[in-house]
Amino acid sequence: MKIAPSILASDFSKLGEEIKRMEDAKADLIHIDIMDGHFVPNITFGPDVIKSLRKYATIPFDVHLMIVHPLEYVERFADAGADIITFHIEAKDDIKETIEKIKSLGIKPGLVIKPNTPAEAVFPYLEDIYMVLIMTVEPGFGGQSFMADMLPKVSAIKDKAKEIGTDILIEADGGINMQTASQASAAGIDIAVSGTGVFKAEDPAEAIRLLQNA
Ligand code: DX5
Ligand code: ZN
């Protein structure tokens with residue numbers, strides 16, 4: 001399983017160093033949570049912050065948009081250096097149009113589903129996207145408990161992708177740590193986001209290695 005440390009759990013006063021620290025610790029991607037205070041009850045950072053961080057690491061930036069209007073902002077996140085942009089199927093913009101816009105910018109698009117949204121919601125879009133991100137907590141905050149009952153969504157989506165003959169990556173986000181990673185891995189998750197599990201570990205490099213091999 002690939003590991004994407006979420007910088008939501010990092011020390012915001014030294015984000016550049018924190019990202020470099022994760023690359024040195026052999027993280028596969030950097031997960032960046034964008035919250036607008038409307039889609040979720042929390043606010044994080046915008047495209048200018050990402051732009052200034054881009055020079056601190058070369059591994060891909062996996063940008064998770066928890067914002068009401070992704071279509072209005074994807075271009076700015078692309079310019080800032082995002083490699084993957086995921087947005088919520090529950091957001092307010094036209095889904096196909098937003099996917100096409102992300103692709104036109106040369107970025108890999110992904111759709112995110114909240115815990116109450118069924119796996120079937122992404123089926124109509126599987127041929128057009130690179131990844132599905134399954135939330136294993138309610139979006140908005142780090143440090144919450146892993147919802148193992150989300151895991152059947154992984155095989156539901158993978159089976160459907162196989163049936164229609166398309167490739168899809170599955171990412172899971174929320175509560176993934178040393179205690180829960182083996183369940184996530186066994187369910188077939190390709191990329192696990194881990195905030196608290198990596199940044200608050202005594203030895204993040206060791207934590208990443210253990211999570212990758214879970
Ligand atoms: C929650 C975010 C997650 C969060 C994960 O809205 O999307 O990426 O940072 O943090 P942990 O791993 O601490 O649950
Ligand atoms: Zn996230």
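I count a charge as sitting over a ring if NZ of Lys or CZ of Arg is within 6 Å of the ring centre and within 35 degrees of the ring normal. The model I am reading is predicted.

**Charges over rings**

I looked up lysine 114 with that rule in hand. Lysine 114 lies over the face of phenylalanine 39, and the distance from the ring centre is 5.2 Å. I then turned to arginine 54, which lies over the face of phenylalanine 61 at 3.7 Å from the ring centre.

I also searched the whole structure for aromatic pairs, and the search finds one.

**The sheet**

I traced the strand order next. The sheet is open and has eight strands, in the order S1-S8-S7-S6-S5-S4-S3-S2, with parallel pairing. Strand S1 (2-5) and strand S2 (30-35) each have a single partner strand, so one side of each is left without a neighbour in the sheet. I noted the twist as well: from one strand to the next it averages 25°.

Strand S5 (residues 108-113) pairs with strand S6 (residues 131-135) in the parallel sense, over four bridges. For valine 112, I found the bridge partner in S6 to be leucine 133.

I then asked what lies across S5, S6 and strand S7 (169-173). Helix H5 (residues 152-164) does, and H5 runs at about 160° to S6.

**Helices H3 and H4**

Two packed helices are described by the angle between their axes and the distance between the axes. I took both values for helix H3 (residues 70-80) and helix H4 (residues 95-104): the angle is about 10°, and the axes are 10 Å apart.

Which residues of H3 and H4 meet? I listed Pro70, Leu71, Val74 and Glu75 from H3, which meet Glu97, Thr98, Lys101 and Ile102 from H4. Sorted by class, the contact of H3 with H4 has four nonpolar, one polar and three charged residues.

Methods. Residues are numbered from 1 along each chain as its sequence is written. Chains are lettered from A and ligands numbered from 1 in the order in which they are written. This is a predicted model: local features need pLDDT of at least 70, side-chain atom pairs count only at pLDDT 80 or more; totals for chains, interfaces and linings use all residues. Side-chain values use heavy atoms; hydrogens and water are left out. Rings of Phe, Tyr and Trp (its six-membered ring) pair if their centres lie within 6.5 Å; planes under 30 degrees apart count as stacked, over 60 as edge-to-face and the rest as tilted. Axes are lines fitted to C-alpha atoms, for helices over the stretch in contact, and angles run from 0 to 180 degrees between N-to-C directions. Helices (H or I, at least four residues) and strands (E, at least two) are DSSP runs, numbered from the N terminus. Contact means heavy atoms within 4.5 Å. Ala, Val, Leu, Ile, Met, Phe, Trp, Tyr, Cys and Pro count as nonpolar, Asp, Glu, Lys and Arg as charged, and the others, Gly among them, as polar. Two strands pair if DSSP finds at least two bridges between them.
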